[in-house]
Amino acid sequence: MLWSGWGDPAKARELPAKVRELLHDLLGVRAPRGPAATLESVRLPPVGLPSSSLDGLAAITGAEHVLTSHEARVRHTRGKSTPDLLRMRAGDGSDAPDAVVLPGSHEEVAGLLGLCARERIAVVPFGGGTSVVGGLAASRAGFTGVIALDLARLDRLRSVDAESMVAEFEPGVRAPDAERLLAAHGLTLGHFPQSFEYATLGGFAAARSSGQASAGYGRFDDMVVGLTVATPSGTLDLGRAPKSAAGPDLRQLVLGSEGVFGVITSLRLRVRRAPAERIYEGWRFASFAAGTAAMRALAQEGPLPAVLRLSDETETVIGLAKPDAIGSSGGSGCLLIAGYEGPPAAGRRVAARAVLTRMGGEPLGEEPGEVWERGRFSAPYLRDSLLAAGATVETLETAGFWANLPRLYDAVRLSLLGALGTAPPPLVMCHVSHVYETGASLYFTVVAPQEDDPVAQWERAKTAANAAIVEAGGTISHHHGVGRDHREAYAAELGPVGVAVLQAVKARLDPAGILNPGVLIPVPGR
Ligand SMILES: Cc1cc2nc3c(=O)[nH]c(=O)nc-3n(C[C@H](O)[C@H](O)[C@H](O)COP(=O)(O)OP(=O)(O)OC[C@H]3O[C@@H](n4cnc5c(N)ncnc54)[C@H](O)[C@@H]3O)c2cc1C
């Protein structure tokens, strides 16, 4: 993984000339002034942990699994949001952990939490490091130091129960490895977020992730049937039946908890048979309203394709649904991609086509669907190229009920346009890619010329968008989570009693407050 960008450096690509021209002509984007920092030149705070603490950590995991090298600390600094990348490109490593610790078992995780609680060392659970909401930058205030608890060594598929269709994994398994391990049994999770190449199963559960095929396979939290969690107060072992009436479901307290209550050390996940066939196709709708009405019909009447994604007019004309062919316009109207996985892919397709046709869709054949499928993990690489070319580019997301979706869409769009100025106006694009009977998510992508301080520029836009989401009645996140960036808006969404409940759980499970301080919940007095 690139330390200041996304993904495999071998896959990085130059922007096509016509996209550079478009950026310049449409938005006035100019190349940034100085070169980006090199890994060696990133400025890090000195290691603050005393050697006695480092020795204590090493006594639990083995000295070879406690890293304090410049490179290891840089690679565990923050996550992969655009502000995170911009800070790294500027050489700012001020949020670096003092040490990176790689435990090899649940018992070692529990031992590390005990030591860190005694010595007041903050602990940041670290999966794939792909958080885009500031979930990996802990507050240092009041702590002797910060460690990144990298779960990469917990990377095994523990068991497959093919009768119940449940697989047990360790949390550090990356998504492609999970699919490879399951494929040997003819199974799949069906979880394909855009961060698929690097994110881990523990991170998906901790941040309530949702993948591109969520319409067919569900969100990640739908897949979790059981969890083991190491907390500073002991172990939680949750989930002994598919459904239960035995009181509130504490699994839901762990899902989305972003490491503030404990460290997930094992996950029992519902799996499905790997599909024998996959068909992706494109449809055109006259407007975003017509396209969302068709999606709603599919979500409420069925049959739902496994993948269902609709670009608004701006995203369609820019061609963002096809990152590998960006700049070759997707045409007018709104492009919808539908993907069927099965069997019975073909039968499902026939029934879905009838609904899409009735709702005014024009079939475009399989080519747009195949182009989307080939480029489905390319957009993050495109972001790096756009940042290097001098554009500020970032995404944000929300969700709402169908009846409120148009209001939410308008409110977020207008807030972003207002915050980023009108000369020339930024590009604000949107798509819907997760649908439910009662509503859907909205995923916005923004491109603007970089100002002198692009981090401040994005923070201005993000603050306006957060306020618009709260005001328009949406949720602050459909699948990115809360982290530090959404903490205040999340608190507004929960209300003071909800926040007090979270704080009470935190105080019981993590009395010293060492786990991810500053993330998810406001911590009283800090
Ligand atoms: C380019 C890009 C595209 C993305 N696309 C999507 C998408 O399509 N859908 C989507 O849902 N998200 C997406 N994300 C967001 C991100 O990938 C998800 O939030 C993912 O769930 C994070 O997984 P991770 O393993 O990288 O976790 P990390 O980023 O390492 O951690 C995320 C949070 O969970 C905590 N944590 C991690 N592991 C554990 C554990 N074992 N126990 C307790 N806490 C833990 C961390 O402390 C942190 O607060 C995208 C991000 C990027 C950069």
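A pocket here is an open set of points on a 1 Å grid over the protein atoms alone, where a 1.4 Å probe fits, with protein on both sides within 12 Å along at least five of seven lines; its lining residues have an atom within 4 Å of a point. Points are joined across faces, edges and corners, and the volume is the space filled by probe spheres set on them. This is a predicted model, so local features need pLDDT of at least 70 and side-chain atom pairs pLDDT 80 or more, while totals for chains, interfaces and linings use all residues. Residues are numbered from 1 along each chain as its sequence is written, and side-chain values use heavy atoms, with hydrogens and water left out.

**Exercise 1. Explore the largest pocket.**

Step 1: start with the volume, which is about 660 Å³.

Step 2: find the middle. Out of 26 lining residues, Pro32, Gln450, Glu451, Asp452 and Pro454 sit closest to the centre.

Step 3: Helices (H or I, at least four residues) and strands (E, at least two) are DSSP runs, numbered from the N terminus.

Step 4: sort the lining by type. You get 14 nonpolar, five polar and seven charged residues. Ala, Val, Leu, Ile, Met, Phe, Trp, Tyr, Cys and Pro count as nonpolar, Asp, Glu, Lys and Arg as charged, and the others, Gly among them, as polar.

**Exercise 2. Track down some aromatic pairs.**

Step 1: know the rule. Rings of Phe, Tyr and Trp (its six-membered ring) pair if their centres lie within 6.5 Å; planes under 30 degrees apart are stacked, over 60 edge-to-face and the rest tilted.

Step 2: the whole structure holds seven such pairs. One of them joins Trp6 and Tyr198 edge-to-face, at 5.4 Å centre to centre and 80 degrees between the planes.

Step 3: Trp6 is in the segment before helix H1 (17–27) and Tyr198 in the loop between strand E7 (187–188) and helix H7 (201–207), 192 residues apart.

Step 4: check the burial (buried is under 20% relative accessible area, exposed over 50%, partly exposed in between; 1.4 Å probe, protein chains only). Trp6 is buried at 3%, and Tyr198 is buried at 10%.

**Exercise 3. What does the side chain of Arg78 touch?**

Step 1: go to the loop between helix H3 (70–75) and H4, where Arg78 is found. With 3% relative accessibility, Arg78 is buried.

Step 2: look for polar contacts (N or O atoms within 3.5 Å; within protein, one able to donate a hydrogen and the other to accept it, and sequence neighbours count only if both atoms are side-chain atoms).

Step 3: the side chains of Arg78 and Asp95 make a polar contact of 2.7 Å. A polar side-chain atom of Arg78 also lies 2.9 Å from the backbone oxygen of Asp92.
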